[in-house]
2 protein chains.
Amino acid sequence: MSQDVMELSAEEQDVFKTSAFLQELVKQVRAQDTYGTWEGKSDAVVLADFIVTKEQRKQMPIIGDPDPDVIWRIERFYNAVGLALERQTGLIAGPMIKIGHEGFGRLLMTTGRLVVISKTLRDVHRFGFETYVKLAEAGDKTIGEAIGWIEKHPDVARA
Amino acid sequence: MSQDVMELSAEEQDVFKTSAFLQELVKQVRAQDTYGTWEGKSDAVVLADFIVTKEQRKQMPIIGDPDPDVIWRIERFYNAVGLALERQTGLIAGPMIKIGHEGFGRLLMTTGRLVVISKTLRDVHRFGFETYVKLAEAGDKTIGEAIGWIEKHPDVARA
């Protein structure tokens with residue numbers, strides 16, 4: 001990760017400006033940059049490790065414990081979802097993630113007494129997205145679904 | 001734990017017959033008895049490790065990682081709550097427990113889209129109850145509270 005900037009397509013440049021999720025994720029990751037490693041680097045570079053191409057996926061072993069860096073990225077992903085959710089609804093959304101040794105896990109995100117996201121995490125070893133556009137879509141879609149649940153049960157989300 | 005039976009007060013004998021939670025907990029613990037260690041032992045003996053007197057509490061260190069046996073007991077406790085809940089409501093209730101290195105943790109139990117139990121676990125190292133009666137009360141109270149939430153939001157609990 002010696003690069004400071006990356007060449008992005010017009011669509012990719014666009015998604016960094018329009019995706020509420022992607023902006024939150026960049027903030028999340030930069031906030032953990034204790035040593036200033038990412039200063040002066042573009043947002044795309046900061047999120048580079050979230051991108052896993054098909055070719056890379058194939059080469060990733062799925063045995064043994066998932067890499068702590070992967071778990072860290074999954075946590076950042078869902079923290080960003082939670083913070084974007086909070087920004088849009090005013091409700092605090094906390095993720096709870098539990099990942100076992102085999103790369104399977106479970107994720108719950110709740111606001112009040114409502115489960116806004118419930119997911120089985122599979123294939124944790126290979127967590128990643130083919131492109132920035134797909135990363136943004138995945139995050140924004142998750143946020144949208146969570147908001148759908150809050151709109152459906154506003155009293156429980158505030159209980 | 002070489003004893004086969006324990007002397008119990010009348011109140012204690014009673015609680016083993018009346019507490020839905022305690023009966024479920026005994027089943028939970030016996031179900032894990034792969035080597036038959038608890039065969040022929042009374043229910044009170046099987047649950048003996050859940051009892052921690054005030055004197056014992058004082059002597060328990062609360063530094064370092066909580067003992068795996070303690071975590072195992074916490075899991076049995078909340079699994080028993082979940083199973084008793086299922087028996088009484090017909091709804092599947094799954095606990096999700098996450099315990100950190102410092103003995104703090106979080107527990108969520110959900111049915112459908114409803115959070116029926118949400119707890120911060122403190123002092124995990126010293127998890128235990130002074131008497132069988134208090135153990136039963138704690139479990140049955142937790143079940144009662146969860147049922148209260150289900151009755152309040154039956155549609156969300158079935159979502």
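This is a predicted model: local features need pLDDT of at least 70, side-chain atom pairs count only at pLDDT 80 or more; totals for chains, interfaces and linings use all residues.
Figure 1. His153(B) is buried, with a relative accessible area of 9%; buried means under 20% relative accessible area, exposed over 50% and partly exposed in between, with a 1.4 Å probe and protein chains only. When neighbours within four places in sequence are left aside, His153(B) is in contact (heavy atoms within 4.5 Å) with Asp155(A), Val156(A) and Leu114(B).

**Figure 2. The axis relating chain A and chain B.** Chain A can be laid on chain B with an RMSD of 0.0 Å by a turn of 180° and a shift of 0.0 Å along the axis, the copies being superposed by least squares on the C-alpha atoms of residues with pLDDT of at least 70 in both. That is the relation of a two-fold axis. In chain A, the C-alpha nearest the axis belongs to Leu114(A), at 2.6 Å from it. The same surface serves both copies, as 100% of the contact residues of chain A recur in chain B.

Figure 3. Most residues other than glycine have a negative phi. Asp123(A), although not a glycine, has a positive phi of about 60°, and this residue lies in the loop between β3 (114-121) and α6 (132-152) of chain A. At 30% relative accessibility, Asp123(A) counts as partly exposed. In chain B, the phi of Asp123(B) is likewise positive, near 60°, and Asp123(B) is found in the loop between β3 (114-121) and α6. Asp123(B) is partly exposed, with a relative accessible area of 29%.

**Figure 4. The fold of chain A.** Chain A holds seven helices and three strands, which run α-α-α-α-α-β-β-β-α-α from the N terminus on. The C-alpha trace of chain A spans about 50 × 35 × 30 Å along its principal axes, and 45% of the 159 residues count as buried. Among contacts in chain A between residues at least 6 apart in sequence, 67% join residues at least 24 apart.

**Conventions.** Residues are numbered from 1 along each chain as its sequence is written, while chains are lettered from A and ligands numbered from 1 in the order in which they are written. Local features need pLDDT of at least 70, side-chain atom pairs count only at pLDDT 80 or more, and totals for chains, interfaces and linings use all residues, whereas side-chain values use heavy atoms, with hydrogens and water left out.

Conventions:
Helices (H or I, at least four residues) and strands (E, at least two) are DSSP runs, numbered from the N terminus.
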